Amino acid sequence: MSCPTPPDGGSLVSLGLVPAGPVSFLDGVGLVDHHCHSVVAADLDRPGFEALLTEGAGPAPGTSAFDSSLGFSVRRWCAPVLGLPPHAAPDDYVARRAEIGTGPASRALMRAAGTESLLVDHGFAAESLLGLDDLRDTAGVPVGEVVRLEAVAQDVADAGVDAAGYGDAVVAEVARRTAPGVRPLAVACKTVLAYRAGLDVDPRRPEPAEVAAAADAWLPRRAAEGATLRDPVLLRHGIWTGLDTGLPLQVHTGFGDVDEDLHRADPALLTGLARLVEPLGVPLMLLHTYPYHRQAAWLAQVFSCVHVDVSLAVPHVGPRSRDVIAEMLELAPFAKVLYASDAYGLPELHLLGALRFRAALGGLLERACATDEISPADAERVATMIARENARRVYARMPA
Amino acid sequence: MSCPTPPDGGSLVSLGLVPAGPVSFLDGVGLVDHHCHSVVAADLDRPGFEALLTEGAGPAPGTSAFDSSLGFSVRRWCAPVLGLPPHAAPDDYVARRAEIGTGPASRALMRAAGTESLLVDHGFAAESLLGLDDLRDTAGVPVGEVVRLEAVAQDVADAGVDAAGYGDAVVAEVARRTAPGVRPLAVACKTVLAYRAGLDVDPRRPEPAEVAAAADAWLPRRAAEGATLRDPVLLRHGIWTGLDTGLPLQVHTGFGDVDEDLHRADPALLTGLARLVEPLGVPLMLLHTYPYHRQAAWLAQVFSCVHVDVSLAVPHVGPRSRDVIAEMLELAPFAKVLYASDAYGLPELHLLGALRFRAALGGLLERACATDEISPADAERVATMIARENARRVYARMPA
Amino acid sequence: MSCPTPPDGGSLVSLGLVPAGPVSFLDGVGLVDHHCHSVVAADLDRPGFEALLTEGAGPAPGTSAFDSSLGFSVRRWCAPVLGLPPHAAPDDYVARRAEIGTGPASRALMRAAGTESLLVDHGFAAESLLGLDDLRDTAGVPVGEVVRLEAVAQDVADAGVDAAGYGDAVVAEVARRTAPGVRPLAVACKTVLAYRAGLDVDPRRPEPAEVAAAADAWLPRRAAEGATLRDPVLLRHGIWTGLDTGLPLQVHTGFGDVDEDLHRADPALLTGLARLVEPLGVPLMLLHTYPYHRQAAWLAQVFSCVHVDVSLAVPHVGPRSRDVIAEMLELAPFAKVLYASDAYGLPELHLLGALRFRAALGGLLERACATDEISPADAERVATMIARENARRVYARMPA
């Protein structure tokens with residue numbers, strides 16, 4: 001099964017306005033997916049499948065998650081990979097997936113994506129997902145791990161620690177999980193501050209006494225009722241512990257699930273943090289960013305440390321990914337933009353992220369060539385930078 | 001006089017890139033306009049007409065409101081309905097309108113829209129507008145009423161009530177106005193919180209004692225100087241009274257007139273309210289939403305209760321309505337998007353809302369078919385969902 | 001050397017979809033650049049040149065500012081003006097510029113822009129820039145000055161004044177610099193409140209006692225350590241001093257350099273100020289506005305006093321300038337939109353601002369004609385309004 005190629009929304013080639021030819025700048029270029037998750041291990045029925053097509057808990061009663069840009073993309077572009085005709089009906093799609101089996105279906109879909117390595121956050125609801133070794137076998141490419149700082153902090157709390165020792169214990173555990181010899185290789189840290197307290201918090205490193213006091217308030221609540229870590233001081237302690245490792249720090253920004261207030265996930269709110277990180281030389285990777293990707297692109301232009309993607313949006317917005325990426329490239333330096341799928345749960349999202357990204361960026365570059373805004377040699381260079389070279393430069397460690 | 005058809009900005013058909021044919025998915029599909037207002041009863045001179053072409057008080061001195069995307073749309077698409085050539089000069093347009101008479105002109109323009117029912121907010125500056133019976137006769141379609149909660153609250157205050165009784169009096173009056181037997185049929189409640197206090201208020205239901213205290217502060221000011229209701233506690237009381245009816249609650253968000261701070265009308269600020277409404281099963285209808293329609297679309301994806309439109313923007317932005325609707329459909333599930341014109345005062349806005357919506361959504365679906373992203377059968381289904389089926393599903397009551 | 005003409009992103013003419021002909025509505029129309037800066041006087045090496053291609057301090061280590069939409073625009077459109085082929089390599093471009101000499105290169109680039117007058121803010125880092133007389137000679141067009149209020153305030157402080165006298169001294173100095181007889185002619189005042197305190201400050205005119213108290217706090221810090229003026233009360237005093245001159249007040253909004261928090265430069269935050277300025281009849285000129293240009297456009301629609309541009313974005317976003325301008329024209333009345341380049345340092349930015357603006361607006365109008373949304377006569381009128389007539393109407397003074 002080979003990778004299907006969507007006509008992108010406005011490709012001059014696909015519209016027959018310029019001759020088709022060797023201008024598909026992303027063809028054969030392996031992608032580094034610098035931020036994604038693993039895929040569900042078990043078989044999925046239709047409600048289970050639909051629940052993973054939305055960032056909500058599932059479609060509203062009386063509606064289907066297939067009736068969305070993402071849903072139509074699955075039917076159009078994933079169905080043929082599983083041997084169905086394009087636009088297969090939702091029930092047929094889910095049935096065919098079950099018939100093939102989740103493992104083989106995942107294998108087919110992920111391998112069609114043409115990704116060359118995956119950097120995976122495995123710290124969120126991982127119980128139902130393939131472990132990283134299995135994910136590597138399924139995808140057929142090397143897998144590195146992104147250490148989710150809030151998950152580490154909660155693990156430290158759950159393992160038992162007192163408030164005075166909490167700060168150092170988190171530092172030690174992050175050090176242990178990011179040590180060079182750990183397998184799978186830890187390539188970055190990540191924070192979901194946006195989900196937990198919003199990005200509009202004081203960005204400074206908290207003092208040890210503040211951390212101890214905040215831990216004193218949270219740890220009993222964690223022990224008693226499993227309270228999620230939402231304390232800004234402890235979240236900031238996690239972020240600065242991550243920055244101290246020197247590994248790139250991934251930051252969730254922009255849209256995601258219902259646990260966040262979207263306007264408090266605007267990456268522009270990270271300007272204060274970026275000012276503090278700038279002299280450290282630690283890369284700050286702003287994930288997703290949509291619908292604030294123009295704001296994120298500005299940060300990528302004015303701060304050396306800031307890098308950006310429009311990951312999660314790409315599979316979701318379907319053919320509109322071309323417009324979204326074009327908006328990001330208005331201000332973002334091309335050396336600061338990375339590819340990611342942010343796929344979670346469904347291998348379909350891994351495929352659609354890659355397929356839409358190729359069509360979108362390839363289509364933009366084709367058009368830039370067709371209108372003589374850029375030379376074909378430069379277009380090829382830019383395609384490769386964004387597809388993988390920027391990731392290879394920014395991530396000092398890359399799984400092999 | 002039949003409905004004119006604009007070539008939409010980038011229709012493949014209109015550009016001759018695909019053969020014209022039976023691909024106009026909105027042709028002949030009646031629209032449910034789930035949020036609009038009535039039209040001016042009296043004749044309008046040119047300043048009076050221009051004042052209704054802008055959300056401001058009127059054009060700036062030395063300028064004309066005809067020199068705008070909306071103004072050019074009137075000249076291009078409404079002029080032929082009144083028997084003038086396309087692009088008629090502003091003076092000619094206003095003169096022709098007067099010659100025909102406001103009533104017949106309104107009748108011609110509204111009936112050209114192809115709307116099948118109107119849900120009307122008649123609680124704002126209604127003195128100069130046609131009553132709802134006359135509006136029904138003019139438009140030739142059934143009319144339901146959207147009960148504007150702040151207008152009810154002010155009526156209750158003006159009828160005389162003491163602070164202790166205010167809360168219950170509002171509840172009783174909302175119940176009376178939304179009773180099943182009332183004519184015109186009450187189909188929804190609506191809040192203009194964005195205009196009165198901003199959407200960034202505590203979303204919780206206030207306690208009766210809070211309501212009484214706030215009423216104690218406002219009622220004397222209302223009696224003495226006609227003070228508009230802007231108290232957040234009383235506004236929240238109105239909202240929760242509306243939610244308690246079980247009818248869909250329409251919420252003004254996004255751009256509107258000069259009485260609001262635009263950034264405080266960002267629908268993302270309603271995330272807290274949406275969390276509270278989600279378990280109730282009451283539909284939350286986010287109106288207008290532009291330029292925050294991508295944020296609104298996210299809310300529609302992650303909350304079952306949230307539904308969205310880009311009403312007011314559609315007539316205003318003219319040929320760009322296609323781009324705006326495309327942006328909304330990036331994340332919004334197709335079963336959560338509704339049509340509305342938000343037309344106020346001018347029947348031209350009723351026509352332009354419908355005409356632009358048909359061209360925009362039809363054009364997007366045509367293109368999705370032409371690029372094989374969606375099948376024609378699905379395109380037809382999606383067109384009908386957004387044009388009227390979603391409204392019929394969400395609004396338990398629909399005027400007949 | 002004549003002005004090169006870029007095919008705009010989707011010009012129907014350039015795509016051969018409509019016959020080329022006398023439809024280039026901006027051809028031969030001189031532009032009033034109502035907000036720009038001067039150009040660097042000295043020769044630039046490659047790092048010096050690249051530093052001026054970004055709003056940051058320079059490209060990130062290991063990357064080039066040429067790898068951006070702006071960088072590719074320089075290579076494509078400026079290279080031929082200097083006698084190089086399109087897409088010249090960055091090193092060749094910088095070498096050719098040095099070979100010609102900065103003066104002659106600036107002359108060639110600026111004169112290719114087809115600007116008919118320049119309104120220049122010369123109050124920011126002007127030491128390394130051409131003086132305004134030299135700029136006038138280089139550009140070959142009249143130059144007016146925009147008085148930067150914060151620079152005046154700092155000059156007043158540096159000249160020595162006590163806290164009690166500060167307020168009046170600023171008033172006197174602004175009056176002196178904006179007097180009708182001053183050369184170059186002062187045409188407007190400007191505030192960079194967004195950089196100094198954010199736009200989300202109380203917009204009211206401060207009381208004299210507040211000003212004296214704030215001056216008392218700032219003046220010693222200014223004297224001792226050169227503290228930049230960031231006090232909101234003193235910034236507001238400057239703004240109201242500017243408004244009192246009756247000259248248009250330019251306000252930096254939207255993206256700029258790293259000294260600002262982008263979300264606090266959202267022009268929607270100026271709604272309160274606009275309400276206060278509206279009765280005064282003083283034009284409020286919202287500069288740049290991107291990525292909040294849709295919000296700015298709404299302000300321009302609902303407030304008579306508000307005017308808008310997308311200056312800085314135009315050269316930066318390259319072929320996407322057409323989309324950005326289209327977004328602004330969704331709501332902005334066409335009589336309220338102005339041209340500006342916001343060029344700083346590089347004459348390339350003066351050329352690219354003009355060249356992209358012509359292609360973008362011309363292309364939009366061409367398409368509006370081709371789809372019969374607007375008549376050619378109206379398109380020509382709108383082109384001229386935005387290119388220069390609106391500026392001539394709003395600026396009571398214009399350099400000659």
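Trainee: How many residues of chain B are in contact with chain A?

Mentor: Contact here means heavy atoms within 4.5 Å. By that rule, 33 residues of chain B are in contact with 43 residues of chain A. Keep in mind that this is a predicted model, where local features need pLDDT of at least 70 and side-chain atom pairs count only at pLDDT 80 or more, while totals for chains, interfaces and linings use all residues; side-chain values use heavy atoms, with hydrogens and water left out. Residues are numbered from 1 along each chain as its sequence is written, and chains are lettered from A and ligands numbered from 1 in the order in which they are written.

Trainee: What area is buried between chain B and chain A?

Mentor: Buried area is the accessible area (1.4 Å probe) that two parts lose on being put together, summed over both. Between chain B and chain A that comes to about 3100 Å², with carbon and sulfur atoms giving 55%. On the chain B side, B:Trp298, B:Glu330 and B:Glu373 supply 22% of the area buried against chain A, more than any other three residues.

Trainee: How many salt bridges does the rule find across the interface of chain B and chain A?

Mentor: The general idea is friendly enough: side chains of opposite charge can pair when their charged atoms come close. The rule asks for a side-chain nitrogen of Lys or Arg within 4 Å of a carboxyl oxygen of Asp or Glu. It finds seven salt bridges across the interface of chain B and chain A. One to look up joins the side chains of B:Glu373 and A:Arg356, at 2.8 Å from N to O.

Trainee: How many residue pairs are in polar contact between chain B and chain A?

Mentor: A polar contact is a pair of N or O atoms within 3.5 Å; within protein, one must be able to donate a hydrogen and the other to accept it, and residues adjacent in sequence count only if both atoms are side-chain atoms. Between chain B and chain A, 17 residue pairs qualify, both residues being at pLDDT 80 or more.

Trainee: Which helices of chain B each supply at least two residues of the side that touches chain A?

Mentor: Helices (H or I, at least four residues) and strands (E, at least two) are DSSP runs, numbered from the N terminus. Helix H11 (271-277), helix H12 (293-302), helix H14 (321-331) and helix H16 (376-394) of chain B each supply at least two residues there. H14(B) gives the most to this side, with six residues. By class, the side of chain B that touches chain A has 14 nonpolar, six polar and 13 charged residues; Ala, Val, Leu, Ile, Met, Phe, Trp, Tyr, Cys and Pro count as nonpolar, Asp, Glu, Lys and Arg as charged, and the others, Gly among them, as polar.

Trainee: What area is buried between chain A and chain C?

Mentor: This contact takes 33 residues from chain A and 42 residues from chain C. The buried area is about 3000 Å², of which carbon and sulfur atoms give 55%. In chain A, A:Trp298, A:Glu330 and A:Glu373 lose the most area to chain C, together 22% of what that side buries. The salt bridge count between chain A and chain C is seven, and C:Asp261 and A:Arg275 meet through their side chains in a salt bridge at 3.0 Å, N to O.

Trainee: Where is A:Pro184 placed?

Mentor: A:Pro184 sits in the loop between helix H7 (163-177) and strand S4 (186-191) of chain A. The peptide bond from A:Arg183 to A:Pro184 is cis, with omega near -5°.
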